Amino acid sequence: MEHTHVETRDAGTVEEMWQTVIPGARISRAEGIQPAFVFHGAADPGFGFCDYTVGSTMVTESDPGDQMIVGRIAGPRIRATYRRERIDTAVPFVVTERPIEIAFSGRIAGTALSFARSEVDEAARRISGDDALRVRLTGHVPLSEQRLRYWTRTWEYGRDVLLRSPERSPVVEQQVRSLLLEASLMTFPSTFTEALAAGRPARALPAPVRRAKAYIDAHATGPIALADIAQAARLSPRGLQYAFRTATGRTPMQYVRRVRLDAARAELRAADPSVETVAAIAARWGFSNLGRFAAMYRGEFGETPSTTLRS
């Protein structure tokens, strides 16, 4: 891991340090920094962890992008807004997909953890045994006081190892990284915690279903027929329908739709709205009816495709 310690009064450097953990972080307004900004950070591809203190009157925006961000900020005058809702930053909070805006005046102390969404899903599937699970947040505060204490103890241990210890052991650092991710998954409400609460049996996907998913993932940009998927899975179409629904809770064609919607969303987020259009992106992912695409998109993600493109 790359470790950083910085003390500065330069707003540009402050923004640069925050971006080592949250690439989408930016300062929209800052009125001096007194006393110095103090930053301790550790970063690896797909992971970032920092502790910092700063005194200023400042407005910041952090866009999670393709990350899950867990943070906590304490100070006398802080206002944080996420999805048009004001949140209490003194309690650990989690955000994905949409930016969080934070305005403060005076001295604050904060911490932030970032995890790549792909690693979040991978860990959730490994722990739950559900190879079809995708982590979607259903809230942004800890599930309970007990989960809060668990997360806090894990964070304190991670801070001591990654940010304070003079010893650097890559093996230990990777173990701590995994602990922090698992504690965050267990602490905040999501489809993962719902799956655990429902007692969903831990099982690996059958080989035919894994072959079907691999085929769909590899051919998502082109036409896909049920017969093609069945041939790749080495099952009859009827056998594939039964096996896929039994293992994942959805039909093969429902999975095709979700893969394409996720891909279209990722492209909309990354696109330049002055160059790209919703219609063009939708068409690239097999959605020829723009109205139907918009309705499905809004149902899955809670916003219109054009909103995502402009954000």
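At 42% relative accessibility, Ser236 counts as partly exposed, a label for values between the buried range (under 20% relative accessible area) and the exposed range (over 50%), with a 1.4 Å probe and protein chains only. This is a predicted model, in which local features need pLDDT of at least 70 and side-chain atom pairs count only at pLDDT 80 or more, while totals for chains, interfaces and linings use all residues. Residues are numbered from 1 along each chain as its sequence is written, and side-chain values use heavy atoms, with hydrogens and water left out.

Ser236 sits in the loop between α7 and α8. Arg136 is 100 residues away from Ser236 along the chain, and the C-alpha atoms of the two are 33 Å apart.

Now for the chain as a whole. The protein chain has 12 helices and 9 strands, where helices (H or I, at least four residues) and strands (E, at least two) are DSSP runs numbered from the N terminus. Its radius of gyration is 22 Å, close to the 19 Å that the globule rule gives for 311 residues, so the chain is as compact as a globular protein of that length. That radius is taken over C-alpha atoms, and the rule is 2.2 Å times the number of residues to the power 0.38. Along its principal axes, the C-alpha trace spans about 70 × 45 × 30 Å. Of the 311 residues, 46% count as buried. Contact means heavy atoms within 4.5 Å; among contacts between residues at least 6 apart in sequence, 70% join residues at least 24 apart.

Next comes helix α6. This helix covers residues 207-218, so to speak a run of 12 residues, and reaches 17 Å from its first C-alpha to its last, close to the 16 Å expected at 1.5 Å a residue (the expected span is 1.5 Å times one less than the number of residues). Its buried residues are Val209, Ala212, Lys213, Tyr215 and Ile216. They cover an arc of only 160° around the axis, which puts them on the same side of α6; the arc is that of the directions from the helix axis to the C-beta atoms. Their cover includes α7 (226-233), α8 (237-248) and α9 (252-270).

Last up is Glu303, in the loop between α11 (290-301) and α12 (305-310). With a relative accessible area of 10%, Glu303 is buried. Leaving aside neighbours within four places in sequence, Glu303 is in contact with Arg98, Arg265, Tyr297, Arg298 and Thr308.
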